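Visitor: I have a model open on my screen and would like to learn how to read it. Could you walk me through it, feature by feature?

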Amino acid sequence: MLNTERPDAWEVQGRGELQLAVLIETMRREGFELTVGKPQVVTKIVDGKVHEPVEHVTIDVPEEFVGNVTTLLATRKGTMTDMVNHAPVGFVSNGESRRVDWWGCVPNS
C-alpha cells in the first residue's frame with residue numbers, strides 16, 4: 001500500500017487479478033468503503049530502461065489445438081521459445097509475454 005496526495009486514500013499494488021480480488025473482497029467484508037479503478041502495470045526503471053512484468057507460459061496441448069494456441073500467443077504479442085512434440089499425447093509449448101497483454105483473456109470453451 002502506498003500513500004497518495006489524499007489522506008483518506010491509498011494506492012494498492014498486487015500480483016494479478018486474483019490477489020487484488022481477494023484483497024478487495026476482504027476489505028468489503030470488513031466494512032471499508034472503496035472505489036476500484038482500472039489496473040495499471042507496475043514498471044521499474046533499471047539502468048535507464050523501463051521494465052515490466054513478463055509471464056513465462058507453459059502450455060500442454062493436444063496436436064489439433066497447437067495452431068489455436070500459437071495464434072493466441074501471437075495475438076497477445078507473445079513469443080514462443082520452445083515447442084516439444086510428445087507424440088501421441090500432444091505438444092508442450094513454452095513462451096513468454098508481457099503480463100498486460102493477457103488481461104481480460106478468456107479462452108473459448
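Visitor: Let's start with Arg29: is this residue buried or exposed?

Guide: Keep in mind that this is a predicted model. Exposed here means over 50% relative accessible area. Arg29 has 66%, so this residue counts as exposed.

Visitor: And which side chain does Arg29 meet in a salt bridge?

Guide: To call one, look for a Lys or Arg side-chain nitrogen within 4 Å of an Asp or Glu carboxyl oxygen. Arg29 pairs with Glu25, at 2.9 Å from N to O. They sit 4 residues apart in helix 1, so about one helical turn separates them.

Visitor: With which other residue does Glu25 form a salt bridge?

Guide: With Arg28, where the closest N and O atoms are 2.5 Å apart. The reasoning along the helix carries over: Glu25 and Arg28 are 3 residues apart in helix 1, which covers residues 17-29, so about one helical turn lies between them. Glu25 itself is partly exposed, at 27% relative accessible area.

Visitor: How many salt bridges does that rule give, and which residues are linked in a network?

Guide: The count comes to 2. Glu25, Arg28 and Arg29 are linked in a network.

Visitor: Let me zoom out. How many helices and strands are there, and in what order do they run?

Guide: The protein chain has 2 helices and 7 strands. Starting from the N terminus, the order reads β-β-α-β-β-β-α-β-β.

Visitor: What share of the residues is buried?

Guide: Buried is the label for under 20% relative accessible area. Of the 109 residues in the protein chain, 14% are buried.

Visitor: Now for empty space. How do I find a pocket?

Guide: The general idea is that a probe the size of a water molecule, rolled over the atoms, shows where space is left empty. In this model, the largest pocket holds about 1200 Å³. It is lined by 30 residues, and the closest to its centre are Glu11, Val12, Gln13, Leu20 and Gly37. Strand 2 (10-11) and helix 1 are the elements that give two or more residues to this lining.

Visitor: Which element gives the largest share of the lining, and what are the classes of the lining residues?

Guide: Helix 1 gives the largest share, with 5 residues. By class, the lining has 16 nonpolar, 7 polar and 7 charged residues.

Visitor: Let me try with Glu63 and Asn85: how far apart are they in sequence and in space?

Guide: They are 22 residues apart in sequence and 8.5 Å apart from C-alpha to C-alpha. Glu63 is in the loop between strand 5 (54-61) and helix 2 (66-75). With a relative accessible area of 57%, Glu63 is exposed.

Notes
Residues numbered from 1 in each chain as written. Predicted model: local features only at pLDDT ≥ 70, side-chain atom pairs only at ≥ 80, totals over all residues. Heavy atoms only, no water. Buried < 20%, exposed > 50% of the residue type's maximum accessible area, 1.4 Å probe, protein only. 1 Å grid on protein atoms, 1.4 Å probe; cavity = no way out; pocket = protein on both sides within 12 Å on 5 of 7 lines; lining within 4 Å. Points joined across faces, edges and corners; volume = space filled by probe spheres on them. Nonpolar A, V, L, I, M, F, W, Y, C, P; charged D, E, K, R; others polar.
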